[in-house]
Amino acid sequence: MGVKGIFVQVMNVKFSSTAKDPLYKLTVIDPTLESHEAYTCNFFVQDNNAPEPTVGDIVLLRDALVRKFEGRPQISKNGRTGVSLYNKCRNYFKSEFFVSHAEDDEIYAAFESWSQARYNMMNGFVEKSSPMLARGRAIITTDQIETCQAKYFNYVGMIVGFFDQKSGPRRREIKLTDYTKNPRPIPRLPDMADDGTIGNITNDMTLLCTLYERHADYGPFRFGDYVFLNNCARNTKNQMQLEIRISNNNDTKDYVKKLDIGDPRLQPLLKRRKEYEDSLHRSASQIAETATNFMRSRVIDLPRQISIDQLLQKEEQGIEHIRVTFESQRPSEMKSWLKNYCMRCKKTSVPTVAEEPDPCNVCNSLMKPVYRAMFKVKDESGSELVVLASDEEADKLFKDLPAQRLKSNPGLWGDFKKYICYTQEDSDGQKPYFGLGVKKFYNNNSYYQDGWMYKIVNTEFILEDGSQ
């Protein structure tokens, strides 16, 4: 099997001139091995100008061959393999055909930190639990899990969702991203407005992890926390989506750890995050200030605006003011937003066309006409959020056409459609921005999924197209 790039550290060097080509047999290590393990690298010499590898060197091999020999991994360098040698924190040799990658220096820095931590541990300078030392298993990314042959692996990710503990068995689900793509993410429900986007993290960038038994006690978590997950495995109970789990560890070791921003294990993720966010960045100077909006919003008693990311990071319930564009809505058919709602048995039904309220077919109580819709909104940084519009607050939002008027007179749906059309473009064909009051709350009922949810409150749409 050929590999695009692999870092190893030389622990022993033997030279052989009896083979057809001169050969260094190197004993090498990397962070995926236990402290007592090592494997062989056959370093064939095709470049007479290449220096002799020495103990302690860190070697980057590009397009090397990896295979098993007598049941153990073996690396072979041949004429097509690019070589870069590092020693004493500097790169001192690159072969003629070696192709540098942008991330090489960053990965080398992380590898060097691991190497120094290993040296300190082996010489008794630090505890074996040093956070610099990720021993025993490889850290793999979301997009590598499906093809990974190892039963267990380590994972570094950012928390983008976390849920209450459940029983039978005891467990807690957390949702993560490492800014790579999940080939089989959790699907979205058909009546949800969003496509799974959380802030600027799209659904295909998320990975669900279930923490079982004592691991479910880890936390508390908050949006944006960076975590190291030790001894993960694929969740084989779900063959349709790609998920991971941590379970069945009988020791007392911590298998979920929050990472500081300077931790070497975190640096590749931070680099991917920066590249992703740079690609989404939209400068406020690009927003046309000369356009005419046919509708504006009025937010009541919420003067200070915050970003969607700041709202996601808040750990408590509350009401905040955000400035956003409207990206999509669900259900897509607006007439299905109108529902009857029974305050007693919490059931909904399709309303009849009538001035009078309809009776509930379960408890016979009179039902109230309400709107139930969801919108995906986006702020200037590119972060997205799903917000609900429902009940009295939705009547306030669409204040000229509350739910009762549409129940009584379906002919008003044509006028109601203006609200949605005017969220989509202004006179210059651009998406206009609107201020919204948004209430953050934790939901644990059966109508929507468990977890933090967001609802439009204290907001009115005001039409300015001359129709009023």
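Predicted model: local features only at pLDDT ≥ 70, side-chain atom pairs only at ≥ 80, totals over all residues.

The dialogue below moves from the whole chain to single residues.

Q: How do I read strand pairing, and in which sense does strand E7 pair with E4 and with E6?
A: Look for the bridges between two strands and for the sense in which they run. Strand E7 (residues 72-77) pairs with strand E4 (residues 39-44) in the parallel sense, over four bridges. With strand E6 (residues 64-69), E7 pairs in the antiparallel sense, over five bridges. Isoleucine 75 of E7 illustrates both pairings: it is the bridge partner of cysteine 41 and also the bridge partner of valine 66.

Q: How do I read a nonpolar core, and which residues touch the most other members of the largest one?
A: A core is a set of buried nonpolar residues joined through their side chains. The largest one here has 52 residues, and Tyr371, Phe375 and Phe416 touch the most other members. Helix H7 (residues 413-424) gives the largest share of this core, five residues. Domain 2 (142-270) and domain 3 (295-463) both contribute residues, so the core lies between them. A second, separate core has 21 residues, including Ile159, Tyr218, Val227 and Val256.

Q: How are aromatic pairs described, and how many are there?
A: For a pair of aromatic rings, one gives the distance of the centres and the angle of the planes. In this model the count comes to 17 aromatic pairs. One of them joins phenylalanine 434 and phenylalanine 461: the centres are 5.6 Å apart, the planes make an angle of 70°, and the pair is edge-to-face. Planes over 60 degrees apart count as edge-to-face, which is why this pair is given that name. Phenylalanine 434 lies in strand E22 (residues 434-443) and phenylalanine 461 in strand E24, so the pair ties together parts that are 27 residues apart in sequence. Both phenylalanines are buried. They also belong to one aromatic cluster, whose members include Trp337, Tyr371, Phe375 and Phe416.

Q: Which backbone angles deserve attention, and where are the residues concerned?
A: Inspect omega for cis peptide bonds, and phi for positive values in residues other than glycine. A cis peptide bond joins arginine 330 and proline 331, with omega about -10°. Proline 331 is found in the loop between strand E17 (318-330) and strand E18 (338-341). Aspartate 63 has a positive phi, near 65°. Aspartate 63 is placed in the loop between strand E5 (58-62) and E6, and at 41% relative accessibility it counts as partly exposed. Lysine 346 also has a positive phi, near 60°. Lysine 346 is in the loop between E18 and strand E19 (348-349), and is exposed, with a relative accessible area of 52%.

How values were computed: Residues numbered from 1 in each chain as written. Heavy atoms only, no water. Pairing = 2+ DSSP bridges. Core = buried A, V, L, I, M, F, W, Y, C linked by side-chain atoms within 4.5 Å. Buried < 20%, exposed > 50% of the residue type's maximum accessible area, 1.4 Å probe, protein only. Domains from an automatic or database assignment. Phe/Tyr/Trp six-rings, centres within 6.5 Å; stacked < 30°, edge-to-face > 60°.
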